[in-house]
Structure formats: structure tokens, C-alpha cells
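Colleague: I would like to go through this model and ask what stands behind the words used for it. Could you show it first?

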Amino acid sequence: MKFRLVLLFALLWPGVAAPAGGANDANDANDGGLPLDELRVFAEVFGKIKGEYVDPTDDAELLRDAIRGMLSGLDPHSAFLDPKAFKAMRMATEGRFGGLGIEVTGERGLIKVVTPLDDTPAQRAGIQAGDIIVKLDGRPVRGMSLREAVDAMRGPPGSAIVVTISRGGGEAFDLKMKRAVIKIPSVKSEMLEAGFGYLRITAFQAGTGASLRTALAQLQRRGQLKGLVLDLRNNPGGVLQSAVEVSDAFLGGGVIVSVRGRGADAGHQFTAASADLSGDAPVVVLVNGGTASAAEIVAGALQDHRRAIIMGSRTFGKGSVQTVLPVNSGGALKLTTARYYTPAERSIQALGITPDIVVDAAQRPAPDARPAPLREADLAGHLENDAADADADAKPGRSALAARDYQIGEALNLLKGMSLVADRQTTDGG
């Protein structure tokens with residue numbers, strides 16, 4: 001049994017001969033060679049499990065578990081994908097998958113929510129970034145792999161699942177949700193006010209770059225843009241090339257991101273190739289703790305080039321690149337192969353991007369907070385103001401989104417102030 005397994009590993013490793021046996025085999029003396037002593041231990045453990053475990057075991061399943069264990073010791077983002085998981089990942093990259101709509105990561109044996117995706121059962125049920133998933137249908141997630149937890153949350157559309165959540169160290173509570181087919185348009189847009197546009201990117205999918213260019217053109221057809229809010233909050237990332245394309249839409253040239261790893265193909269530098277499609281309109285990028293990976297590439301590129309003001313809270317800090325490598329079984333190996341660096345040679349791995357302007361999401365006032373002072377407009381029967389422009393916030397066309405979302409409102413106010421300063425400078429110069 002030992003020799004057979006070591007022989008198998010040797011045959012699968014190009015250029016390495018099978019060992020003849022003996023304690024003095026060169027293990028790690030030859031760089032790039034197999035650690036033969038450790039493989040003998042592996043073969044011994046495998047044999048003991050096969051011969052002495054209380055229940056019969058399946059060879060293929062044992063080896064798959066060994067592969068998963070090997071990858072789990074690398075980093076949280078490397079994983080082995082069986083054919084089913086590989087198919088699900090491709091569907092997610094295309095913007096279509098089944099389940100609850102939660103981006104999750106492993107943390108100390110539990111499952112942590114990175115972000116609930118927009119317009120999904122998870123968001124509608126009230127799942128929040130930072131929540132810890134304790135149980136799934138009553139089954140504790142401690143001890144589950146990340147892949148097992150994700151598989152448990154997915155299922156036929158319409159089927160129900162109870163997710164037990166721990167939030168902020170408080171008592172755990174249950175949320176019952178129905179699974180759905182998650183079809184997510186990655187780009188949404190609207191006008192906040194005349195001249196001020198809003199673009200939200202929910203994830204970086206295969207077609208996100210093209211979708212953003214289309215949405216930007218639609219906003220421009222409604223009039224010259226005086227400013228633009230680019231919302232990357234709770235964006236978990238996705239396809240690197242899409243992040244490059246989005247960054248390129250706002251840059252007239254220069255480096256977007258550098259990727260460096262150990263492999264021959266792991267080093268590359270992406271540069272802006274097209275003109276600034278926004279017409280040099282001022283841009284405010286909104287970020288928060290759920291802004292991760294490809295979304296951080298965009299924020300970092302625009303920040304380093306001083307093309308945009310970054311507003312919000314510090315980002316997630318995922319500065320690594322994963323490559324999906326298909327394997328013979330029909331599955332794939334998702335392996336961390338490189339780190340990325342912003343144009344200013346910053347690595348944001350485990351650090352995140354610090355906003356230029358820190359603006360936390362508005363919190364509900366405490367129960368004992370002092371009420372807002374009474375205004376004339378609050379009095380019953382008050383006279384209406386007959387001036388057409390008495391209150392800019394009351395003008396038709398004011399976005400309800402900016403009114404209810406504090407951070408978007410602050411971004412809009414900043415853009416309006418920048419536009420006012422620019423107008424005055426133009427007037428003074430003329």
C-alpha cells in the first residue's frame with residue numbers, strides 16, 4: 001500500500017522517479033523534488049484508515065478530502081472545486097446562480113458574511129455584512145468547509161432554509177428564507193439630480209465593463225455630467241479583467257494594476273488604453289468594509305491617479321488573485337497565484353484602502369437622542385412658499401436614493417460643491 005501510493009505520487013509529478021525505498025532517500029535535498037518521507041507517512045495513514053476505521057471508506061473520497069485539506073492550509077481563497085462547484089462558479093461569473101445571494105468567507109471555523117448581494121433573498125431577509133452564520137437548517141457550520149456551507153445554502157428555487165445568525169456578539173437568531181435563481185445585473189444607474197449621475201456596480205462579472213460603458217452613455221444622453229457617484233459598497237469583486245475595463249473607462253492613461261506571482265504567467269501590468277469616457281466629470285467612489293478584491297482594484301487605481309475622491313469606510317483588504325485551473329476530473333483548482341498592486345505600488349492585502357474622506361453609514365438615533373428642532377414646515381396649516389426655488393431639496397427630480405442614503409447624499413453634496421467651485425473658477429478666469 002505504501003509503495004503503491006508513493007509510486008502514484010511520483011508518476012503524477014513530472015521528472016521525479018518512484019522511490020526504491022529506504023530511509024536515506026533524498027527528500028528535500030533536491031529542490032522541486034517530492035518530500036518522500038512525508039509521502040510515506042501519508043501512505044501509512046491512508047492504509048490505517050482503510051484497514052482500521054470503524055466504517056468502510058471510499059478511496060476516491062479519502063483522496064478528495066486530502067486535497068481539500070491540503071488547500072485549506074494555504075489561504076482562505078484557495079479551494080478544490082468538484083464538477084458541480086466548478087459549474088456553479090462559472091454561473092456566478094456570468095451573473096446567474098441559485099441560492100440566497102450571500103458572499104461569504106471562512107473565519108475561525110465559522111462562516112462570515114462579506115456582503116449580501118442586491119435584490120436577493122439574503123438582502124430582503126436583513127442579512128448584513130459581518131454577520132456570522134452559526135447554523136444552516138439547524139446544522140452547526142463549525143467544522144464545515146466553506147464549500148460545504150455554500151452548497152448547503154444553494155438549492156432548488158422556492159425551497160426554504162433557516163439560517164441562524166450571530167451579529168455583533170449578540171444572541172443568535174433565525175432567518176427563514178426561500179432560495180431563488182439569482183440573476184444580478186452588475187451595473188445600475190440613475191440621475192441623482194440634473195447633471196449628477198449615479199452608477200452602482202454590484203459585482204465584477206464577465207460583461208461588467210461593457211455594461212458600465214452603456215450605462216455611462218445613457219447618463220450622458222440626459223445632459224452634460226457635472227459629477228458622478230460610483231458606488232462600490234458591498235461589492236465582493238469578481239473578474240479581474242472587468243475591474244481593468246471599469247478603471248479604464250475613467251482614466252486617460254497610465255497603470256491600472258500590477259499583478260505579480262511565482263508562475264511564469266503570473267506577472268502582468270494592465271494599463272489604460274482608451275480615453276476617459278466620463279468626459280472628465282468629477283467622480284466620488286463610495287466604499288465600505290464589503291468592498292473587496294476587484295472592487296478595491298478600481299478604487300485603488302482611481303485614488304492613486306487622483307481621478308476620484310474615495311469616500312466611506314476602509315475596504316475589505318483582499319489583495320490576491322485567484323486562477324482557476326481545470327483538472328481531469330471535470331472540476332477545477334481555484335488557486336491563489338499572485339498579489340496585485342495599485343499604480344502607486346501599494347499592496348492592500350489585509351490592509352484595505354483608506355478613504356480620502358471617512359463617512360460612516362448613518363446610524364439610527366439612540367432612543368434617548370434629542371429630537372430634531374421643530375421647523376415652520378412641521379406646523380399644521382403652515383403657508384406654502386411661493387418661490388419656485390425656495391428649497392433645492394424640494395425640487396422635482398431630486399433622487400429619493402440620495403435622500404434616504406446618507407453616504408450617497410454626502411457624495412452628491414461634495415460633487416455639487418466641486419461643481420460650484422469649478423464654475424466660479426471658470427467665471428473668474430473669463
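What follows is a set of questions on terms, each with a reply.

Modeller: One point before we start: this is a predicted model.

Colleague: What does the protein contain in the way of helices and strands?

Modeller: There are 11 helices and 19 strands in the protein.

Colleague: How do you know that strand 17 and strand 18 are paired?

Modeller: Pairing requires at least two bridges. Strand 17 (residues 320–326) and strand 18 (residues 332–341) are joined by 7 bridges, so they count as a pair. The two run antiparallel, and Val324 stands opposite Lys334 in strand 18. In the hairpin they form, 5 residues lie between the strands, and Gly330 has a positive phi near 100 degrees.

Colleague: What makes strand 12 and strand 15 a pair?

Modeller: The rule of at least two bridges applies again. Strand 12 (residues 227–231) and strand 15 (residues 283–287) have 4 bridges, so they pair, here in the parallel sense. Leu228 stands opposite Val283 in strand 15.

Colleague: What holds paired strands together in general?

Modeller: Strands of a sheet pair through backbone hydrogen bonds, either parallel or antiparallel.

Colleague: Which strands make up the open sheet, and in what order?

Modeller: The open sheet has 6 strands in the order 10-11-12-15-16-19, and its pairing is mixed.

Colleague: Why are strand 10 and strand 19 called edge strands?

Modeller: Strand 10 (187–193) and strand 19 (357–358) each pair on one side only. Helix 7 (residues 208–220) packs on this sheet and touches strand 10, strand 11 (196–201) and strand 12. The direction of helix 7 makes about 20 degrees with that of strand 10.

Colleague: What makes a group of residues a nonpolar core?

Modeller: The members are buried residues of nonpolar kinds such as Leu, Val and Phe, joined through side-chain atoms within 4.5 Å. The largest such core here has 43 residues, and Leu199, Leu212 and Phe250 are among those with the most contacts inside it. Helix 9 (residues 294–304) gives the most to this core, with 7 residues.

Colleague: Which residues does Leu212 touch?

Modeller: Leaving out residues up to four places away in sequence, Leu212 touches Val187, Leu199, Ile201, Leu230, Val246, Ala249 and Phe250. A second, separate core has 19 residues, including Val104 and Met144.

Colleague: How much of the protein is called buried, and by what cut-off?

Modeller: Buried means under 20% relative accessible area. Of the 430 residues in the protein, 37% are buried.

Key. Residues are numbered from 1 along each chain as its sequence is written. This is a predicted model: local features need pLDDT of at least 70, side-chain atom pairs count only at pLDDT 80 or more; totals for chains, interfaces and linings use all residues. Side-chain values use heavy atoms; hydrogens and water are left out. Buried means under 20% relative accessible area, exposed over 50%, partly exposed in between (1.4 Å probe, protein chains only). Contact means heavy atoms within 4.5 Å. Axes are lines fitted to C-alpha atoms, for helices over the stretch in contact, and angles run from 0 to 180 degrees between N-to-C directions.
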